[in-house]
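Here is a quick tour for anyone meeting this structure for the first time. Take a look at the sequence and the model, then read on.

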Amino acid sequence: MNYIGSKLKLSKWIKEQITNIVGDTNNKVFCDIFAGTGIVGRVFKKYTKKVIANDIEYYSYVLNKNYIENHEPLTNAEELINELNYCKGVEGFIYKNYCMGSGSGRQYFSDDNGKKIDAIRIKIENWYNKNIITDNEYFFLLASLLESADKVANTASVYGAFLKHLKKSAQKPLILEAAYFEVNDNEHEVYKEDANRLIKQIQGDILYLDPPYNHRQYGANYHLLNTIAEYKPFIPKGKSGLREYSKSSYCRKNKVLQSFEELISNANFEFIFLSYNNEGLMKEEDIENIMSKYGKYSLVKKEYQRYKADNNRGYKDKKIFEYLHVLEKNRTI
């Protein structure tokens with residue numbers, strides 16, 4: 001899935017840096033409290049005792065319930081996926097509000113794909129309500145639908161706007177592909193909470209922070225994924241068909257530093273790692289000043305290729321730096 005701030009390309013480097021500082025992580029509790037699509041948590045799922053993943057967005061919650069919390073094999077996964085692929089399209093909420101043929105004026109999906117998304121989503125919910133599928137299977141199927149729908153979305157990348165004409169990938173028929181997860185013996189936890197509230201309720205060894213860098217709100221950029229995941233009626237607003245969404249204090253210049261320090265202060269973790277790039281709202285010196293109050297601070301960085309949400313936006317530099325701010329916290333403070 002194309003995702004702003006995705007750590008897919010950086011995940012190997014992040015793991016190496018954390019392991020170099022922490023050492024053996026096999027008996028550690030690892031928390032990714034701004035998990036997004038859960039890329040970093042998925043990596044550490046194999047190398048820690050427990051992963052705690054959290055994100056305020058419901059689509060992220062679904063992905064992490066599948067990729068992080070699911071850890072035992074699903075015996076009928078392939079059978080469920082195959083049956084859903086045979087669903088005949090219906091004119092449901094997605095088609096009526098986000099496809100051109102319905103008269104909505106929006107073209108996030110082709111008409112056929114919009115109807116197919118509706119049919120699959122309705123059937124998943126019916127199965128769940130009738131106890132035909134378990135919680136684990138429910139989130140596995142929802143995650144599979146989100147990722148499969150994203151592959152045929154008619155957008156440049158994010159869902160802030162749709163394209164005027166169907167691009168080639170959006171013209172392809174939606175095929176539900178299984179969102180298989182890492183199987184292991186450990187139990188993991190997934191939350192959908194405000195990070196600054198949740199931090200007061202959890203504890204562990206390694207806290208990984210990857211908050212939003214700038215003013216872009218994830219709830220707006222990925223609103224349609226939330227709509228598919230929740231599948232509850234509402235009145236879409238404006239040309240983009242937006243729903244109500246959470247506005248993060250980490251996307252607000254006048255609130256981000258206060259929120260960040262509160263998070264660090266309340267964190268009951270020995271090691272804290274903050275991923276942040278050099279174009280974020282918080283400056284390097286601000287982060288150092290805050291983290292240094294609570295223990296031993298250090299910094300590592302890596303140059304990498306910029307993520308581009310679209311090709312029309314002007315970017316000053318093709319490459320940017322990812323900073324990994326490190327705090328070995330004095331928990332007595």
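This is a predicted model: local features need pLDDT of at least 70, side-chain atom pairs count only at pLDDT 80 or more; totals for chains, interfaces and linings use all residues.

## Helix α1, end to end

Which residues of α1 are buried? They are Ser11, Trp13, Ile14, Gln17, Ile18 and Val22. Looking down the axis of α1, you would see these buried residues fall within an arc of 160°, which means they line one face of the helix. Lys12 and Asn20, on the other side of α1, are exposed.

## The whole chain

Now let's step back. The chain's secondary structure comes to 13 helices and 7 strands. Its C-alpha trace spans about 60 × 45 × 30 Å along the principal axes. A compact globule of 333 residues would have a radius of gyration near 20 Å, and the chain has 20 Å, so it agrees with that rule.

Buried residues account for 52% of the 333 residues. If you take contacts between residues at least 6 apart in sequence, 75% of them join residues at least 24 apart.

## An enclosed helix

Helix α3 (residues 58–69) has 11 of its 12 residues buried, so the rest of the structure largely encloses it. Among those buried residues are Tyr58, Tyr59, Leu63 and Lys65. And what do the buried residues of α3 pack against? The list is α2 (39–45), β2 (50–54), α7 (135–151), β3 (189–191), α10 and α11 (223–230).

## Rings and charges

Searching the whole structure turns up 20 aromatic pairs. One of them is formed by tyrosine 3 and tyrosine 218, a tilted pair at 5.5 Å centre to centre with 45° between the planes. This pair links distant parts of the chain: tyrosine 3 lies in the segment before α1 (11–22) and tyrosine 218 in helix α10 (residues 218–221), 215 residues apart. Both tyrosine 3 and tyrosine 218 are buried. They also belong to a cluster linked by ring pairs, including Tyr59, Phe93, Tyr98 and Phe234.

The charged end of lysine 15 sits over the ring of tyrosine 47, 4.3 Å from its centre. Likewise, lysine 115 has its charged end over the ring of tyrosine 95, 5.0 Å from the centre of that ring.

How values were computed: Residues are numbered from 1 along each chain as its sequence is written. Side-chain values use heavy atoms; hydrogens and water are left out. Rings of Phe, Tyr and Trp (its six-membered ring) pair if their centres lie within 6.5 Å; planes under 30 degrees apart count as stacked, over 60 as edge-to-face and the rest as tilted. Helices (H or I, at least four residues) and strands (E, at least two) are DSSP runs, numbered from the N terminus. Buried means under 20% relative accessible area, exposed over 50%, partly exposed in between (1.4 Å probe, protein chains only). A charge sits over a ring if NZ of Lys or CZ of Arg is within 6 Å of the ring centre and within 35 degrees of the ring normal. The arc is that of the directions from the helix axis to the C-beta atoms. Contact means heavy atoms within 4.5 Å. The radius of gyration is taken over C-alpha atoms; the globule rule is 2.2 Å times the number of residues to the power 0.38.
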